[in-house]
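This report concerns the structure shown below.

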Amino acid sequence: MIPILNIPTDVLLGQLLLGLINGSFYAILSLGLSVIFGLLNIINFTHGAQYMMGAFVSWMLLTYFGIGYWPALLISPVVVGITGVILERFILRRIYDIDHIYGFLLTYGVALVIESIFRGQYGVSGQPYRAPALLSGVIDLDFMVLPIYRLWVVAASIAVCAGTWLIIEKTRLGSYLRAATERPVLVRAFGVNVPRMIMITYGFGVALAAFAGVLAAPLYQVSSIMGSNLMVVVFAVVVIGGMGSIGGSIVAGFGLGILEGLTKVFYPPGSNLVVFVAMILILTLRPAGLFGKAR
Amino acid sequence: MVSNNLTIVPAATVTDYQVPLLAGMALAAALVAPFVVYPIFLMNVLCFALFACAFNLLMGFAGILSFGHAAFFGGAAYVSAHCAKELGLPAELSLVAGMASGAILGAVFGWVAIRRQGIYFGMITMGLAQIVYFIALQAQFTGGEDGIQGVPRRSMLPFINLENDRTMYFFVLVVFLLGFVAILRTVNSPFGHLLKAIRENEPRAASLGYDVDRFKFLAFVLSATLSGLAGALKAIAFQLATLTDVEFFMSGEVVLMTLIGGVGTIIGPIVGAGILIAMQTYLAEFGTWVKAVQGAIFIICVLAFRKGLIGEFAALMERRAKRAGR
């Protein structure tokens, strides 16, 4: 075993993996925020609550209906995504033509309502949720032990991020989406139903958050407050990556997760702060974020 | 792209002779209040009213949304509590120290966040405030989860006994009025008018040769300083500084107070603070549901009452005046 800077390699690799896992959640969540922001011009403050709902729905499926992890991975994002579509259709749609700040405040209010309802029902203590049998257990790599579920989280989130990127950049639907982001009125004139597209996009972004929630359920306890603290970090990630940049969110998400993991090795008290310190640094050097365009 | 296009209420519709009358009535009510209502509740309202007014100076008059004002409020609460308890400073000097901490933090936040506008500004201030929160959570002098408790109420002037709740109330009232007058003075100064110009049309203000960023920065620091004063005042009055004051949720609360009362109105934030504190005090038994109600109020305010109570009232009076004039 070769220690690097007096840190045993297995500790370093262990924290790197943990960082990569946190990064997976940052990446999926900031990706969802970016997709939503691109078309709706709303910073979706409800995102953390929707992530929490994703975890809760999969917990409810198991507890009340005996439906396990694999179906939940699909059902939970669809269910939460539908609540998102309803939210868009009946509430968010009313405020598109006023200042973006109101969208932020409105979705903050929605997040407060949702989180309080879950807190009222289930308290703040976490509900345990077991990983499926296929993904429990560990791989012994001789120099370190890898829990399979953690590897799965990283793999699944990379796949989802790559898939989303492909849909937006390479498909016909994605090209409509990008066009509608740039010139909604013109795209509408070509006969594309832009309001419906906006509704579906919001639902999709919300479903991404819920998917992250299902992934998180076996790792962390399922609780009503699991989303709100994460949200502040994800906002910093979005500021760093550059708002509205799909690639930027993914790279910044994973990068900052790893940075956080490394900080935990070298200076543990700083691990909560490092993302925000990085935000200050990036803002002084590149005000528009790493991949953002100044506007 | 719209950046600063908040729904702001038109100038006051009360006529000139009514203003001193209404102010006199409000002052009389404030003087009588502690003999009728629980003084602790009133102090709570006044501290938050000052906080909301300071926030409104930024959001209502400069059109800047900060989502990190808890850092100034809570940070100053810790500083003044520390000064009063550990360094043995009298209440007045502790307040000054808290204010100074608000000013310094405000300068740092402003320097970083001023690079971005609109919604980004809100997100950046939120991140910066989170740093302050984690420091408060981990540092030695803040007492972690316990906070700083048992802060002495001791005035510089020997004949003022702040241990008495009613005396403390009048002390809080005086500090509140000083802060409120400072805000009024700022809003009606050339600097205040310039802020409104920036709010209405930033590129135009810049094209007229004003250093827009500098004025926004000054407004931010001023707002942070007064928020610090409010936080320090609360720490002295309640003899307590805790994580609640510096938490992210507190930043949202002050936005809601301002929004309910009316963004950009003079007395709106005071009304908003009164309503929210009353809700929290008298609905406390419902626990977590109070937050659900707050969230619902947020939604309703944004969808239907963007001018807030005072703003809607002013608009109503204006419509009536117009109709009567015709």
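## Model confidence

Chain A averages a pLDDT of 87, and 97% of the residues score at least 70. Where pLDDT is low, the predicted coordinates should not be read in detail.

This is a predicted model, in which local features need pLDDT of at least 70 and side-chain atom pairs count only at pLDDT 80 or more, while totals for chains, interfaces and linings use all residues. Residues are numbered from 1 along each chain as its sequence is written, and chains are lettered from A and ligands numbered from 1 in the order in which they are written.

## Contact between the chains

The contact draws 33 residues from chain A and 36 residues from chain B; two residues are in contact if their C-beta atoms, placed from the backbone, lie within 7 Å. On the side of chain B that touches chain A, the elements giving two or more residues are helix H5 (118-138), helix H11 (248-261) and helix H13 (289-304) of chain B. H5(B) supplies the largest share of that side, 13 residues.

By class, the side of chain B that touches chain A comprises 23 nonpolar, ten polar and three charged residues. Ala, Val, Leu, Ile, Met, Phe, Trp, Tyr, Cys and Pro count as nonpolar, Asp, Glu, Lys and Arg as charged, and the others, Gly among them, as polar.

## Packing of H1(A) and H9(A)

Helix H1 (residues 9-40) of chain A packs with helix H9 (residues 226-241) of chain A at an angle of about 70°, their axes being 9 Å apart. Axes are lines fitted to C-alpha atoms, for helices over the stretch in contact, and angles run from 0 to 180 degrees between N-to-C directions. H1(A) and H9(A) are therefore roughly perpendicular to each other (65 to 115 degrees).

The residues of H1(A) in this contact include Phe25(A), Tyr26(A) and Leu29(A), and those of H9(A) include Leu230(A), Val233(A) and Gly241(A). By class, the contact of H1(A) with H9(A) has nine nonpolar, three polar and no charged residues.

## Positive phi values

Asn41(A), in the loop between H1 and helix H2 (47-65) of chain A, has a phi near 60°, a positive value in a residue other than glycine. Asn41(A) counts as partly exposed because it has 17 C-beta neighbours inside 10 Å (buried means 20 or more other C-beta atoms within 10 Å, exposed 12 or fewer, and partly exposed in between, with C-beta atoms placed from the backbone).

Terms used:
Helices (H or I, at least four residues) and strands (E, at least two) are DSSP runs, numbered from the N terminus. Angles under 35 degrees count as roughly parallel, over 145 as roughly antiparallel, 65 to 115 as roughly perpendicular and the rest as oblique. pLDDT is the predictor's confidence in each residue, from 0 to 100.
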